[in-house]
Amino acid sequence: MPVISMISPKGGAGKTTTAVILATELAASYTVTILDADPNQPVKQWADLGMQKPNLKVVPGVNQDNITDEVEAASAESVFVIIDVEGSASLTAAYAVGMSDFVLVPTQGSILDARQATKALKVIRDAGRLSGKAKPHAVVLTRTNPAIKTKNLTHVARQLNEAGVPVLRTELNEREAFRSVFAYGGGLSDLDPKEVANLDKAKINAEKLTAEIVGHIKEVMAK
Ligand SMILES: Nc1ncnc2c1ncn2[C@@H]1O[C@H](COP(=O)(O)OP(=O)(O)O)[C@@H](O)[C@H]1O
Ligand SMILES: [Mg+2]
């Protein structure tokens with residue numbers, strides 16, 4: 001039932017990667033539908049590689065004309081619904097945010113990226129105003145270096161904190177495994193540890209991130 005959407009104005013911020021990693025992790029325990037609302041259809045392309053789990057469904061071709069119907073249909077049949085959106089300045093993005101229980105704003109850890117993210121945060125704030133209820137959301141810092149915390153990243157996290165923007169404790173690190181999923185299809189558990197460097201570390205990262213997101217969603221749904 002909970003609907004989670006990924007929005008951020010920047011291409012390359014890690015929206016599709018976060019959506020697919022989260023979906024495949026959740027699909028180990030729950031039924032999940034991913035709505036592919038990006039005109040470039042990156043989630044559909046990933047799904048077409050095969051290796052799909054029985055309880056993970058991908059709905060391609062979601063756009064501003066059908067998104068509200070598709071979200072309703074998906075929430076009736078799946079425990080989790082994840083929407084991958086391109087950018088933030090579209091009616092599709094506004095509808096996705098409006099219909100979500102929790103919105104994730106994937107953002108790379110540079111100040112330029114964080115500034116861009118404010119556009120997504122505005123869309124989220126406006127959706128809250130329209131519905132008369134603040135829209136639960138958080139920035140997830142993506143593609144971060146697992147070995148060192150750069151000054152840039154610390155600075156970005158501090159600025160977001162000072163601006164009152166919730167930031168997830170768990171970052172999505174830069175890992176080959178998170179790219180490999182889009183080369184081979186399936187999720188992290190379908191990859192071969194002999195072929196993908198640090199797969200075990202990527203798995204731990206994905207599990208932690210998923211657990212943190214589920215924790216936030218449980219809080220939201222309990223209200
Ligand atoms: N955590 C990560 N580790 C490694 N590569 C990543 C990671 N996140 C994203 N990428 C790569 O960065 C590029 C953009 O990511 P993507 O998820 O498509 O961003 P968006 O959907 O926001 O445009 C892709 O080539 C993807 O494989
Ligand atoms: Mg994308």
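**Reading a ligand shell and a buried strand**

Biologist: How should I read a contact to ligand 1, and how far is an oxygen atom of ligand 1 from a polar backbone atom of Gly-14?

Modeller: The distance is 3.0 Å, which falls under the term polar contact, a pair of N or O atoms within 3.5 Å (within protein, one must be able to donate a hydrogen and the other to accept it, and residues adjacent in sequence count only if both atoms are side-chain atoms). This is a predicted model, in which local features need pLDDT of at least 70 and side-chain atom pairs count only at pLDDT 80 or more, while totals for chains, interfaces and linings use all residues. Residues are numbered from 1 along each chain as its sequence is written, chains are lettered from A and ligands numbered from 1 in the order in which they are written, and side-chain values use heavy atoms, with hydrogens and water left out.

Biologist: Which other atoms lie 2.6 Å from an oxygen atom of ligand 1?

Modeller: A polar backbone atom of Gly-12 lies at 2.6 Å from a ligand oxygen, and an N or O atom in the side chain of Thr-17 is likewise 2.6 Å from an oxygen of ligand 1. Taken alone, ligand 1 exposes 560 Å², of which the protein buries 78% (areas by the Shrake-Rupley method with a 1.4 Å probe; for residues, only the protein chains shown count as cover).

Biologist: Which elements give two or more residues to the shell around ligand 1?

Modeller: They are helix H1 (15–26), strand S7 (172–173) and helix H7 (176–184), where helices (H or I, at least four residues) and strands (E, at least two) are DSSP runs numbered from the N terminus. H1 provides the largest share, three residues. In total 15 residues surround the ligand, Arg-143 and Asn-173 being among the closest (a heavy atom within 4 Å).

Biologist: Why is strand S4 said to be largely enclosed?

Modeller: In general, side chains in a regular strand alternate between the two faces of the sheet. Here six of the six residues of S4 (residues 80–85) are buried, so the rest of the structure largely encloses this strand (buried is under 20% relative accessible area, exposed over 50%, partly exposed in between, with a 1.4 Å probe and protein chains only). Phe-80, Ile-82 and Asp-84 are buried on one side, and Val-81, Ile-83 and Val-85 on the other.

Biologist: Which strands run parallel to S4?

Modeller: Strands pair if DSSP finds at least two bridges between them. S1 (residues 3–6) is joined to S4 by four bridges in parallel, with Val-3 opposite Val-81. S2 (residues 32–37) is also parallel to S4, through six bridges, and Leu-35 stands opposite Ile-83.
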